[in-house]
Every structure is written in structure tokens, then in C-alpha cells.
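Welcome, and please take a moment to look over the sequence and the 3D view. We will walk through them together, from the whole chain down to single residues.

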Amino acid sequence: MKNKFGLLKSVSLLGLIVILGSCNITGNKSGVIDKTYSGDGDGLPRVQEELVAPPGIPKFDQVEKGGPKIIEVTLTAEEKKMEVAPGDSIWAMTFNGSVPAPLIVAHEGDFVELTLKNPASNTQGHNIDFHASTGKMGGGDISHVQPGQQVTFRFRTTRAGAFVYHCAPGGLMTPMHVVSGMNGVILVLPKNGLTDENGNSVKFDTAFYIVQQEYYLPKGPDGKTLDFKTPAESLNAMQASMEKLIPTNIVFNGYKGSLTGKNALNAKVGQKVLFISADANSDTRMHLIGGHADLYWPLGKFHNKPLVDLETWNIPAGSAAAALYRFREPGDYVYLDHNLIDAIAYGAMAQIKVSGKWDNSLMKVISKPGPIK
Ligand SMILES: [Cu+2]
């Protein structure tokens, strides 16, 4: 009996600790699950965001100034023939002509007001699903536009992080448009900017927007990529190729070599760089050869405490990631999918040239390669 009472006592004590503990954690602030909202954004100040082609990023403040706003953005669906590797071309489905689509930036609590245009010169219906939004299939249900139409809708950014957005016209057209390039990232920053593992404010000097893309290009009997006159003509063959689940091309930012050689990115020793990455349709794993992620926000969401000192970080299909690194040594770095076959044989890699002064306190050559003594 004594033991039984003892056990009961400790169980109820444990319950009390759990209840008190949860009170302490939540305090006056309601948890994510109980957050509520009011107002539809009407009357808030408006800002037009000028979108730029990747790896560029639009202009923005890291810490929000002047309270919530309506961020106006315009995306135009553009179906265009694009070479993704020498001899391999696709009728790419794009927003604003690039793969990935441009990076959009907002702060938590803003409203993003999107105008989606589908010019009459296109052949397909398009729409948009924002993973950062809530309801109506992420906006997909209210944004279908046929060639010659446009639509405008607004959503509140309630969660901070990097989120994928993509076209989702329905049925097999959804994966088809996504693997044909129609995907991008919206970065929703916390109102007060980013915080490190100790909860202190941390700012970045620049950001690199690098998105992995798998293509499934139809091949002829000779193994060569088929060439089609129109997007519509390519659909059946693309579907058959896509359903084999084996990508024919794996690249960063739309095409092989987009961020290597003369297209390499540049940084300086001491600079803090935010790496914003995503893969809308496949799992991947990012790695910076010669560096790390000083801070990596789990699954790209900024209200999670960042992990530190990472060597490689996962990106599950349909999500975006954010990692911050301060370059400490000059030289050539490679940012890649650490499935090294995807990276080197296919092209899922970027080069970063870092200038600055070498620091022997981190690495030093003791004797150069020479004959074995
Ligand atoms: Cu589309």
C-alpha cells in the first residue's frame, strides 16, 4: 500500500510540475496553436516589392519598420523554352521567367497581396499555392487563371520562415508544372529579425537564393532529349518521363552551371551570408565544402531555436531552408547537394569565391606535398 501511495504521489507531483512548467513556457503569450487574428489588412500602408531574378534578392529591412504592411507583388506566368544543360531543353513553366521563381520577402504579420498574370500568349492555366498562407489550398483554389486572365488575392503571413510557393493547377498538372520550374520561395522574417541560439539578434550581410530543381526530360530511342515545338506537345511525353521518378537533370537555379565558373557567387571574409534554399519536389541535403552552417533554423522556420555547427542540412521535398554562415577564410567554396553524384555528375552545385586574408589560426600548411621521406 505504501508503495502504491508513493507512486500515486509522485505521479500527481509530476502532473503538477508539467502544468506549472507549461504555464511558465507560455506565460502571457499564447502558443502557436491558440494564436488568433483579426482584420483583413484593408487600410494598411502599401509597399510594392520589386522582385529580381535569382540568385538576387529584393530590397528589404531585416527588422520590420513601421508596423504591418501590405506587400504588393506581381508574378507573371511565362512558358518558355529553356536550355537546362547543353543539348537538353524544356518548355519551362515559370513565374517571371526564371527557375526558381523570384524570392519574395515579408515580415511576420504583413499581408502579401499577389497579382498573378497569365498572358494570352501562354497555353496553360496556372495558379499559385503559398505554403506560407492559410486556407483555400494555400491560395491555389482562388488563383486559377487561364491565358489572358489575371487575379489578385491577399494573405496574412502568420508564420516566420522560408516557405515554398508553386503552381498547382490540379491533377497531374500539379507535379508537371512544379518539375517544369514553377516554384520559388517566400522568406517571412520575424518582426524583430533573426535570433541566434542564445536568443540574441543576428543580422546577415547578404543572402544567396539557391534552389534545387529536378527535371524529367523525355528522351528518344537514341537517348537524346526530345525537342517539342509547343508546351502542349510535350505534355504526354513529360508525364511518362516524370512517372518513372528518375530525374534526367538535377541542377541549382534552373540550369547546369547557373552558379559555377563565371556565374560563381562572391563573398568576403567576415561576411555573414544567409543561404536560402529549397526543393519543391524532391528531398535534398545541402553542404558547404570548407564551411558549415553556423546557424540552421530547423526546417527553415525561424521560431525554432537554431541548431549550430552543422555540416549538412536536410531539405524535405516541398520545403525551404535557411542557414547562416560567417566566412572565416578566403578561397573557393562549393555549396552543393551532398549526394555528390547529384552535385558533380548532374550539376546541383554552386561555387562561392571568398576574398580576404588567410587566417593561420584555423588552418596552416606544415609541409607542401612532396616525395615521401
Ligand atoms: Cu502553372
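Let us begin with the inventory: the chain holds four helices and 22 strands. Please keep in mind that what you see is a predicted model. Along its principal axes, the C-alpha trace spans about 80 × 75 × 50 Å. Of the 373 residues in the chain, 40% are buried. Looking at contacts between residues at least 6 apart in sequence, 75% join residues at least 24 apart.

Now step back and look for the domains. The chain is divided into domain 1, covering residues 46-195, and domain 2, covering residues 207-355. Their C-alpha centres lie 18 Å apart. How many residues of each domain are in contact with the other? On one side there are 37 residues of domain 1, and on the other 44 residues of domain 2. Several elements give two or more residues to the side of domain 1 that touches domain 2: strand 2 (70-85), strand 3 (88-95), strand 8 (161-166), helix 2 (173-179) and strand 9 (183-189). The residues on this side of domain 1 divide into 24 nonpolar, nine polar and four charged.

What lies between the domains? The largest nonpolar core has 91 residues, and those with the most contacts inside it are F163, V185, I186, I276 and A323. Both domain 1 and domain 2 give residues to this core, so it lies between them. As a general background, nonpolar side chains tend to be buried together in soluble globular proteins. Leaving aside neighbours within four places in sequence, V185 is in contact with P100, L103, A162, F163, V164, Y209, V211, I276, A278 and A320.

An open sheet of four strands has the order 4-9-8-6, and its pairing is mixed. Strand 4 (104-107) and strand 6 stand at the edges with a single partner strand each, so one side of each is left without a neighbour in the sheet. Strand 4 and strand 9 run parallel and are joined by four bridges; here V105 stands opposite L187. Strand 9 and strand 8 pair in the antiparallel sense over six bridges. Along this pairing you can find A162 opposite L187, F163 opposite I186 and H166 opposite N183. On the other flank, strand 6 (residues 129-130) pairs with strand 8 in the antiparallel sense over two bridges, with D129 standing opposite H166.

Are the residues of strands 8 and 9 buried or exposed? Six of the six residues of strand 8 are buried, so strand 8 is largely enclosed by the rest of the structure. Likewise, seven of the seven residues of strand 9 are buried, so strand 9 is largely enclosed too. In a regular strand the side chains alternate between the two faces of the sheet. You can trace this in strand 8, where G161, F163 and Y165 point one way and A162, V164 and H166 the other way. In strand 9, N183, V185, L187 and L189 point one way, while G184, I186 and V188 point the other way.

Six strands form an open sheet in the order 13-12-15-20-17-18, with mixed pairing. Strand 13 (249-252) and strand 18 (307-310) stand at its edges, each with a single partner strand, so one side of each is left without a neighbour in the sheet. From one strand to the next, the twist averages 25 degrees. Within this sheet, strand 12 (residues 206-215) and strand 15 (residues 272-279) pair in the parallel sense over seven bridges.

To finish, zoom in on I210, which is found in strand 12. The bridge partner of I210 in strand 15 is S277. I210 is buried, with 25 other C-beta atoms within 10 Å. Leaving aside neighbours within four places in sequence, I210 is in contact with P55, F252, N253, L259, F275, S277, Y335 and A350.

Technical notes: Residues are numbered from 1 along each chain as its sequence is written. This is a predicted model: local features need pLDDT of at least 70, side-chain atom pairs count only at pLDDT 80 or more; totals for chains, interfaces and linings use all residues. Domain bounds come from an automatic or database domain assignment. Two residues are in contact if their C-beta atoms, placed from the backbone, lie within 7 Å. Ala, Val, Leu, Ile, Met, Phe, Trp, Tyr, Cys and Pro count as nonpolar, Asp, Glu, Lys and Arg as charged, and the others, Gly among them, as polar. A nonpolar core is a set of buried Ala, Val, Leu, Ile, Met, Phe, Trp, Tyr and Cys residues joined through C-beta atoms within 7 Å. A residue is buried if 20 or more other C-beta atoms lie within 10 Å of its own, exposed if 12 or fewer, and partly exposed in between; C-beta atoms are placed from the backbone. Two strands pair if DSSP finds at least two bridges between them. Axes are lines fitted to C-alpha atoms, for helices over the stretch in contact, and angles run from 0 to 180 degrees between N-to-C directions.
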